[in-house]
Amino acid sequence: MFLNRLAPLARSSGVVSIANAFKSLSLGAATPRTAPALTTLVSKTRFNSSLAAPLPSGSVVKAVNAQLASASESRLFAVVQLCGKQFKITSGDIIIVEGYWPPTNGDRIRLDKVLLAGGKDFSLIGRPLVPAGLVDVQATIIEKSLSHTKTHFRKKRRKQYMRINFFRAQQTMIRINSIELSEKGVPEQPRASREEGERFF
């Protein structure tokens, strides 16, 4: 079935074999495990995007920094890790965290563990986290309460064993106030080469 999807690609691009179609679809070499913990910048190709044409990596960073300087980036989103779970958020969202969490109502917090951030034209991908200070996510605790009543039912057939328990879990409701990128912009990063001692094992 997957090969049927590649057949039109092979015909349209003049590729003779399916193996060559796979090569034409490849996105490059795999990222080494020993790569430094830097941010990867990915440019999304869209028809209405100012970054639609493929650009060299340095010019992508310059184009993104120009968007940030002119404040023309679209609504930003982020993926944050909070209490062991990941949430995709934008400004104005309300998320619910289950379990005990110390902050109280009205506390303003800053979410530090940002895994990914971006807008319509670009994405900043952390390895595993975006560098500190590059993305600022502000939030407010708006409610601490208990969840709806949940039922825990256990039964062993033919043993006259049946137990039913009811419980309510603690919940914290959080409003995302803002997601902002640093005014300094995205730092330029030199591309690492294999000659510098990187290994793929």
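User: Why is Gln-160 called exposed?

Analyst: In this predicted model, Gln-160 has a relative accessibility of 77%. Exposed means over 50%, so Gln-160 counts as exposed. Gln-160 is found in the loop between E9 and E10.

User: Which label, buried or exposed, applies to Arg-158, and why?

Analyst: The relative accessible area of Arg-158 is 65%. The cut-off for exposed is over 50%, and therefore Arg-158 is exposed. The loop between strand E9 (150-156) and E10 holds Arg-158. Its phi is near 65°, again a positive value in a residue other than glycine.

User: Why is Ile-164 called partly exposed?

Analyst: Ile-164 has 46% relative accessibility. Buried means under 20% and exposed means over 50%, with partly exposed in between, so Ile-164 counts as partly exposed. Ile-164 has its place in strand E10.

User: What makes Ile-164 part of a nonpolar patch, and which residues form that patch?

Analyst: The patch on the surface is formed by Phe-153, Met-162, Ile-164 and Phe-166. A patch residue needs over 30% relative accessible area, and Ile-164 has 46%. Together the patch residues have about 450 Å² of accessible area. Strand E10 (residues 161-167) gives the most to the nonpolar patch, with three residues.

User: How do you know that Ser-74 is partly exposed?

Analyst: Ser-74 has a relative accessible area of 30%. Ser-74 lies in the loop between helix H3 (57-69) and strand E2 (77-82).

User: Which residues does Ser-74 contact, leaving aside its neighbours within four places in sequence?

Analyst: Apart from those neighbours, Ser-74 is in contact with Gly-119 and Lys-120. Ser-74 and Gly-119 are 45 residues apart along the chain, yet their C-alpha atoms are separated by 5.5 Å. For the protein as a whole, 67% of contacts between residues at least 6 apart in sequence join residues at least 24 apart.

User: How do you know that the charged end of Lys-88 sits over the ring of Phe-77?

Analyst: The charged end of Lys-88 is 5.2 Å from the centre of the Phe-77 ring. The distance cut-off is within 6 Å of the ring centre, and 5.2 Å meets it. Lys-156 lies over the face of Tyr-161, at 5.0 Å from the ring centre. By contrast, the count of aromatic pairs comes to zero.

User: Where is there a cis peptide bond, and what is its omega?

Analyst: The peptide bond from Arg-127 to Pro-128 is cis, with omega near -5°. Most peptide bonds are trans. Pro-128 has its place in the loop between strand E7 (122-125) and strand E8 (135-146).

User: How many helices and strands does the protein have, and what share of its residues is buried?

Analyst: The protein has three helices and eleven strands. Buried residues, those under 20% relative accessible area, make up 29% of the 201 residues. The accessible surface comes to about 13900 Å², of which 55% belongs to carbon and sulfur atoms.

Note on methods
Residues numbered from 1 in each chain as written. Predicted model: local features only at pLDDT ≥ 70, side-chain atom pairs only at ≥ 80, totals over all residues. Heavy atoms only, no water. Phe/Tyr/Trp six-rings, centres within 6.5 Å; stacked < 30°, edge-to-face > 60°. Lys NZ or Arg CZ within 6 Å of the ring centre and 35° of its normal. Helix = DSSP H or I, 4+ residues; strand = E, 2+ residues; numbered from the N terminus. Buried < 20%, exposed > 50% of the residue type's maximum accessible area, 1.4 Å probe, protein only. Contact = heavy atoms within 4.5 Å. Patch = residues over 30% accessible without salt bridge, like charges linked within 9 Å, V, L, I, M, F, W, Y side chains within 5 Å. Areas by Shrake-Rupley, 256 points an atom, 1.4 Å probe, with all protein chains shown as cover. Salt bridge = Lys/Arg side-chain N within 4 Å of Asp/Glu carboxyl O.
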